[in-house]
Amino acid sequence: MLDPLKQVDNRRLYQQIADQIRAFIDKGNYTAGMRLPPERDLAQQLGVSRPSVREALIALEIEGSVEVRMGAGVYACNLAQRKPQALSTMGESPTELMQARAAIEGTVVMMACGKATPEALQALRQILDNMLAAIAQNRSPLPFDRQFHQTLAAMTGNAVLERLVGELFDERHSPIAARLSAHAESGQTWAAALHEHEAILRALENRDVLAAQTALRMHLQASEQRWVENNRREWS
């Protein structure tokens, strides 16, 4: 049985959880092909949240310590399959990343609302039209998603905020975030994201700061749930 984690640094908690689960596998408690306990049980044993366990299992999948089988669970792999990739290179916690984006972009959209010009609003509308076309053509709308958030940041006139928004968005290309996206994204989830972007734009067009902040934060919260919750339903 795994021991609860104690006195841990909450930053990149998933890496510490992954270390403990890997050590448990290395001790022979789970041999190749054996199914690990359900995510809920691992979270209870370690005394951590289920999203943190989920992120740890994704990290272990990337390095080859476990295999995630959709609809069947998580299984230990042969140690010879393990890839030498340090957990420190896998990126920030996707859950914490989305929380940070919500905090920063909530301020961004408030500032953008006060400075929105007809030209900027038209640019946002064109970006959403491009997202819709990409979804309809089964192409990734991710570049337009980034462009939408970057355009919002540019509307503030603050170069530092614009840089931070871009850097946080690009964290989704990190190994752990990219793997989560591969498991969770679909035409259906992108359609939902487009609808959420539309709500943000409508609030900006109406110069409604509170509605714009609410729509932005609800969008990022929903994005976090799609990343993390969709994976749980598929393989926990």
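**Salt bridges and a helix**

Student: About how many helical turns separate Asp 19 and Arg 22 in helix H1 (residues 13–26)?
Tutor: Keep in mind that this is a predicted model. An α-helix has 3.6 residues a turn, so residues three or four places apart point the same way. Asp 19 and Arg 22 are three residues apart in H1, so their separation is about one helical turn.

Student: Which of the two, Asp 19 or Arg 22, is buried?
Tutor: Buried means under 20% relative accessible area. Asp 19 has 38%, so it's partly exposed. With 14%, the buried one is Arg 22.

Student: How far apart are N and O in the salt bridge between Asp 19 and Arg 22?
Tutor: Side chains of opposite charge can pair when their charged atoms come close. The cut-off for a salt bridge is 4 Å. For Asp 19 and Arg 22, the N to O distance is 3.0 Å.

Student: How many residues apart in sequence are the parts that Arg 179 and Glu 61 tie together?
Tutor: Arg 179 and Glu 61 form a salt bridge, with their closest N and O atoms 3.4 Å apart. Arg 179 sits in helix H8 (residues 175–184) and Glu 61 in helix H3 (residues 50–63), so the parts they tie together are separated in sequence by 118 residues.

Student: What should helix H6 (residues 142–155) span, at 1.5 Å a residue?
Tutor: H6 has 14 residues, and its end C-alpha atoms are 20 Å apart. The expected span is 1.5 Å times one less than the number of residues.

Key
Residues are numbered from 1 along each chain as its sequence is written. This is a predicted model: local features need pLDDT of at least 70, side-chain atom pairs count only at pLDDT 80 or more; totals for chains, interfaces and linings use all residues. Side-chain values use heavy atoms; hydrogens and water are left out. Helices (H or I, at least four residues) and strands (E, at least two) are DSSP runs, numbered from the N terminus. A salt bridge is a side-chain nitrogen of Lys or Arg within 4 Å of a carboxyl oxygen of Asp or Glu. Buried means under 20% relative accessible area, exposed over 50%, partly exposed in between (1.4 Å probe, protein chains only).
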